[in-house]
Amino acid sequence: MRALSATGGERKQLSILFADISNSTWLIQNADPEDAMRRIQPAINAMRRGVERYDGIVNKVQGDGVMALFGAPVPREDHAVRACGAALALQAALAELGDRDLRIRVGVHSGEVILQAVVNSLYHTYDVSGSTAHVAARMEQMAEPGEILITGATAAAARNYVEATPLGLRVVRGVTEPMEVFRLERLHHAPASVIFRSQTALTPLIGRSAQIDLLEAELASAAAGEPRAVGVVGEAGSGKSRLCFEFAERCRDRGYRVFEARVTAHGHATPYQPVVELARDFLGIKPGMLASEAQERVESVMSAYGVDDETLALLLGFLGLVDPDQPTAQTDPAMRKKRLVELVRLFVRSGPQLQPALILLEDLHWIDAASEEFIDVIADAITGTKTMLLLNFRHGYSAPWMQRSHYRQINLSSLADTESEGLLRLLLGSDSSLALVSRNIAHRAQGNPFFLEELVRCLVDRGDLEGERGNYRLAGGIEAIPLPPTIRALLAARIDHLDEPARRVLQYAAVIGREAPRDILEALTGLSSPELDDALDRLRRSELLRELALDPGVHAFSHPLVQETCYGVLLRERRRGIHGDVARIMKQHFTDRKEERASLLAYHLEEAGQPMEAAQAHIRAALWIGTHDSSQALRSWRKVHQLLEGQPLSESIGYLRLTCCIQVLTFGWREGISAEEARRWFEEARQLALVSGNARAHAWIHAAYGRNLAVSGSADDYVARTREALALTSGQDRSGEAMLTAVLSQATRLSGRLDEALQAIIDATDRADAISEFDRQLFNFDVARWLTAMRGQVLVQLGRFDEARPWLDRMLQTEADSNDITLHLVNVAFVDMAWALEDKALADLHAARAMAMATETGSPYILVNALACLGLAHLVGGRFAQAVESLDKALSVARVRKAGLESEARILADLANAHRLNNELEAALLVAAEAIEVATARTARVAECLARLVRTDVQRQAGRVELALSDLARARSLMQETGAKLYAPLMDEVAARFDEGPTSARDAVNGQGR
């Protein structure tokens, strides 16, 4: 109550019950008000007792009915089950009043609400906002007298504990879409085995083979006359019940006796519920058995034990098998309990001892104190038998029997990443459309099997997936996977049990992020240092937060979904205010490494509703991270643009938007934006530059857009755009001219004008000192190093290896950031050189370095080139099949990620060569043709030269001499045009193979058709 008053309310997942006397108007219309009250009030009191029995609260009494809440303010993860239990208890309580004219109807719905505390000097109550209360009230109004209607949401949340008859879709007044409605029939306390067997498709048990082996070992001890009590311990959802079920099924398959009972969270509403369940199982009383049949069964079994009539009557009463109208003998409570304890001990120690037996008791963390005493008796009673006692419970539960010498404990940890992936494959399948979704689910579930399955179930129920279990595909785009109500209820119950200071710390930590520094928490919460330490200690003991070993004072959430649940409780206004406070305190505390922390600051500013400050912080983050992570930089610049779009256009806003467009185009070619998207950014930037009269930006836009054209269009277009940009800056901007000359060197290299490229590199290097710091930031990497790497690369392509080596070695000898994108160009150049020189060691060394850099940076652009290097290294090493595999993968990554596509023609040409050398001539011919087609479209002349040389040899081997000669002539022409002497050895090799042919062939090789 205090927490709700302080925060102004919170989002809660709960169940709401409405109940009223269906014919109250008729009952009291002619009655004196006092008489009417005397008749109605007992019914209201009975309703109140039924609600309270299941830990609900009566929020409102409305004349002849009540409104009750379950799950708040008292947190209960099984709030839907409790609401259903209370609904049934209300009906039973009204029947016990003996007034046949009093009939009630009940409606229940589960969902999210805004819960606020209403407090004054006389009373306190709760105000519930949202559609959940409206729907619950509609369910009650739609119910017939004596009927309980629940919604599909309630039925789903309580699915393992209730029996309900589906009534189909019903139109509910005030709700747009028809809703699924059920008539509640009864609660059932089925053991876990019944629930698991009732599921149509039970997922195979994954990642628990070691625990099964441990259980088998303990069972073997029991079989040898050394009984064991074994506790299986784990967090909620870790698979305790499933592990125990699988083990129990193994025992049943061997013909061993298995007795089981399960404690329910609402079990205290039925005293001794797990003990009664276990006794019924011992006695062979099956669910649904008639009371008379069950009574006969008990009498038959107990007669074999020779119990007296008084003890038999006591047992029948304990099991609820006596006629309520028949008088029963009054027994002293202490004596009654003593006899029941002896009966339980008798059950455990009776029966044949030829084979081991298993007693399974589940969810002991919910057990009531009275029932717990019986568990202690059972743990002692198994001594001297061949019985194994198997119990499961959550962390934090303890009991005296755990100190017994024959007790063993098995702890369940989270599933390993590979095990989570295996479970997701079984649930979802392996369709490529699900790759990102699967990664998201695995990350959020963090190895918790229940969380994994519930997140998948949520997508299936929402209709996001098409197909069937184990063979799904994505039906459309998914913006976000919501947190299922089942998980949210479970985690919210853990959080809501905390005291107010600990809850406050946890909520502030959830706003800060996955990791919360202590000094930020202290400034935010307003708690004194000792109070904060005490709260953090409680949160660590509750396993909600953990202190980072390598960063003392910084606390992280033990599970991502704990943070999601905690964050989701907060109302938007309160959340926004906390984000603003976090941003303010971060500015004060994080005086060092500001650029590194700018992205985090930007996030808090944006969530606090301060878009301009957030945009400025994102810009700082993007400029800092651009040299390290082009993918993150691209996301940051897009975010800046998104924030600015909502602002009125002004000179400063226009300039920032123009900068965004340029930066997105600059990073886009590395990360693979589409041609259509590149065009949109270019057009917006061009218009903004023209409106503002910014000729310098106008020039740079053309160059940046040209670089994107080289990925999906023509390298010649890139050259043309860059020359156009140079013309716009000629003689007006020394820094801009130097920058664009550097860009021109890349454009001409991609188009195959290698001599021009080399000259542009030399010119740009000579002018590099003129490049301003602002322009260097636009490039997002060291321009001088880039030019050095490109000089080595172009010299290699020109076949001038001795000249290339010093430039490439200089790159390796100077210190640089390991994420420097220019470094991988050195590896590419060295692998090309190794290919021409047939140097296996050199090729393998630099291919490995390129792959390591691709892994470290996560850049798809570098990955494409690294895989291409690896394929070429395999060619040099004579590993032709592996070369095909690596080059195929490079091609796939380039096409899927739309990154490095300017290398597509070259990769295809190398792939065709790999097929040729692997004697796969048909494949070589097809791929070479595709390489030539792509190279021609992209004006990638160097790659076309290689592809034609490969096709020349394949055509020759197929006896198509004229076609081979035509390709050879074109290859020779391209080599002269580009100067790509890198391929001269291959040219000589291919040409030499015509020496055995006719004179006309030799003439063609010797110069005809140049």
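Mentor: Strand β9 (residues 229-233) is joined to β13 by 5 bridges, and the two strands run parallel. Keep in mind that this is a predicted model.

Trainee: Which residue stands opposite valine 230 in β13?

Mentor: Arginine 408 in β13 stands opposite valine 230.

Trainee: In what order do the strands of the open sheet stand?

Mentor: Two strands count as a pair if at least two bridges are found between them. Here 5 strands form an open sheet, in the order β10-β11-β12-β9-β13, with parallel pairing.

Trainee: Why is one side of β10 and of β13 left without a neighbour in the sheet?

Mentor: β10 and β13 (407-411) stand at the edges and have a single partner strand each, so one side of each has no neighbour in the sheet. On average, neighbouring strands of this sheet are turned by 15° against each other, direction ignored.

Trainee: Which strands does helix α8 touch?

Mentor: Helix α8 (residues 209-223) packs on the sheet and touches β9, β12 (387-393) and β13. The direction of α8 makes about 145° with that of β12.

Trainee: Let us turn to pockets. What volume does the second largest pocket have?

Mentor: A pocket is an open set of points, whereas a cavity is one that the probe cannot leave. The second largest pocket has a volume of about 1300 Å³. It is lined by 39 residues, and those closest to its centre are His189, Val276, Glu277, Arg280 and Pro287. By class, the lining of this pocket has 20 nonpolar, 8 polar and 11 charged residues.

Trainee: Which element gives the most to the lining of the second largest pocket?

Mentor: That is α10, with 5 residues. Elements that each supply at least two residues include β8 (179-187), β10 (257-262), α10 (273-283) and α11 (291-305).

Trainee: How many residues of α10 are buried?

Mentor: Buried means under 20% relative accessible area. In α10, 9 of 11 residues are buried, and the helix is mostly covered. Among the buried residues are Val276 and Glu277, and both are also listed with those closest to the centre of the second largest pocket. The elements that cover the buried residues of α10 include β10, α11, α12 (309-318) and β11 (357-362). Just after α10, glycine 284 takes a positive phi of about 80°.

Trainee: Which residues does glutamate 904 touch?

Mentor: Leaving out residues up to four places away in sequence, glutamate 904 touches Leu891, Arg895, Val934 and Arg938. As for leucine 845, 59 residues apart from glutamate 904 along the chain, the C-alpha atoms of the two are separated by 23 Å.

Terms used
Residues numbered from 1 in each chain as written. Predicted model: local features only at pLDDT ≥ 70, side-chain atom pairs only at ≥ 80, totals over all residues. Heavy atoms only, no water. 1 Å grid on protein atoms, 1.4 Å probe; cavity = no way out; pocket = protein on both sides within 12 Å on 5 of 7 lines; lining within 4 Å. Points joined across faces, edges and corners; volume = space filled by probe spheres on them. Helix = DSSP H or I, 4+ residues; strand = E, 2+ residues; numbered from the N terminus. Nonpolar A, V, L, I, M, F, W, Y, C, P; charged D, E, K, R; others polar. Buried < 20%, exposed > 50% of the residue type's maximum accessible area, 1.4 Å probe, protein only. Contact = heavy atoms within 4.5 Å. Axes fitted to C-alpha atoms, helices over the stretch in contact; angles between N-to-C directions.
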